[in-house]
Amino acid sequence: MVYNLTSNDIDTIVAISTPKGNGGISIVRLSGFDLKHFFDRLIFSSLIPKQASLKKFFDSKKMVIDEGIAIYFPSPESFTGECVLELHCHGGQVITDMIVTRCLELGARMARPGEFTERAFLNGKLDLAQAEGISDLINASSKSAARSASLSMQGQFSLQVREIVEDIIDIRKFVEACIDFPAEDIDFLDNKDLKKRISSCIEKLNSVIKRAHQGRILQEGVNVALTGRPNAGKSTLFNLLTGYDSAIVTSTPGTTRDVLREKVLINDIPIFLSDSAGLRESDDDIEKEGIRRAEEEIKAADVVLYIVDCSNRNLNDEFEHELPLVLKFCSDGASFAVIFNKIDILNFNKNDVKGCFYPFHLVSAKKGLGVNELKDFISDLVGVDEIVEGVFSARKRHLTALSEALRFMEIGKQQLNNTGSGE
């Protein structure tokens, strides 16, 4: 929906568009429907639209504040859809503040956070998914996340959703026409073309959902919790994955008490990795609190890695009694796997794994064995074994809506198959 704002509805706004601080260049941006007053009193000059011009910027006493580049974008050929003036000045905080102050004196007001993008949305220059894509691009923490946000910003996500919506509308119109005009003698229940069109919609929805799911992971990241008995090597593995010694490692069991969290990139996926107290019965009040926090960390995790000391002779006992207790804390939908650590001690290999009915991987955190493969293993658990082409950033509500649409389309297909004579 385009709101068609007019000059009577909206003020001229101004803001510094570059980060605060000192640098080579800063940009002050104005947006409104009539900026002639600012040309006449700020730069004392007209501007050729969409052409950079070297200009002086003046204060109220006609003294030069700075000299820089001025660019004018007339409505509607601008980011906001309004007239936009960009002043590229030297990047000192004092200079930019002086220019903003002069704009305020001339009748502009300070823009609210995100108001330029809001106006672009209200004026039909962007849809909501594109506006959110801008925010995701600015805050991207990896190259893959930046690429996915860029696609959303360019409208790829919206375009694919619109195509599916149009297909569904066409299907609905065909079915309604068959119901409203029975004399045409079209049996839509046994119409093979209709079934193909529904199947095509389902295929497109699955493809979009896969891309949106991966895009959400790339933007929001995944919580991965390391857990297991004390002295299983959780902290050593945590340090290895984070790249530095953030967790204290000793041979004394129960060293870790509080929860340690670090953000790392694993195969370009943002991972919020946590290390916490080893799980065991304890009479120590401090350790008991650490164990309680560890349990809470497991509940909040998207992926739970249970670390096992494979040099322990009582692995079967651990699997039968302790591992099921950990699983009770895992949330619905969380991935769970077992990491056999310290494989260097007894030359432990996959053939020695017995009684483990969960995905597992073998490492030696101390020696660094199997750690690169562990990163691929974690990517698989996250659900991003390989970044597919055309991934776009998405929100939880997008996935919820797409999943609901897919569910209804599959119900329709099933009912059509049950009622008709088949393919």
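Guide: A polar contact is a pair of N or O atoms within 3.5 Å, where, within protein, one must be able to donate a hydrogen and the other to accept it, and residues adjacent in sequence count only if both atoms are side-chain atoms. This is a predicted model, in which local features need pLDDT of at least 70 and side-chain atom pairs count only at pLDDT 80 or more, while totals for chains, interfaces and linings use all residues. Residues are numbered from 1 along each chain as its sequence is written, and side-chain values use heavy atoms, leaving out hydrogens and water.

Visitor: How far is the backbone oxygen of glutamate 82 from a polar atom of the side chain of serine 78?

Guide: Serine 78 sits in the loop that joins strand E4 (64-73) to strand E5 (83-91), strands being DSSP runs of E, at least two residues, and helices runs of H or I, at least four, numbered from the N terminus. From a polar atom of the serine 78 side chain to the backbone oxygen of glutamate 82, the distance is 2.4 Å.

Visitor: Is serine 78 buried or exposed?

Guide: Buried means under 20% relative accessible area, exposed over 50%, and partly exposed in between (1.4 Å probe, protein chains only). Because the relative accessible area of serine 78 is 8%, this residue counts as buried.

Visitor: Which residues does leucine 137 touch, not counting residues up to four places away in sequence?

Guide: Leucine 137 belongs to helix H4 (residues 128-138), and it is partly exposed because its relative accessibility is 32%. With contact meaning heavy atoms within 4.5 Å, and residues up to four places away in sequence not counted, leucine 137 touches Ala146, Ala149, Ser150 and Met153.

Visitor: How far apart in space are leucine 137 and arginine 147, C-alpha to C-alpha?

Guide: In sequence, leucine 137 and arginine 147 are 10 residues apart. In space, their C-alpha to C-alpha distance is 7.9 Å.
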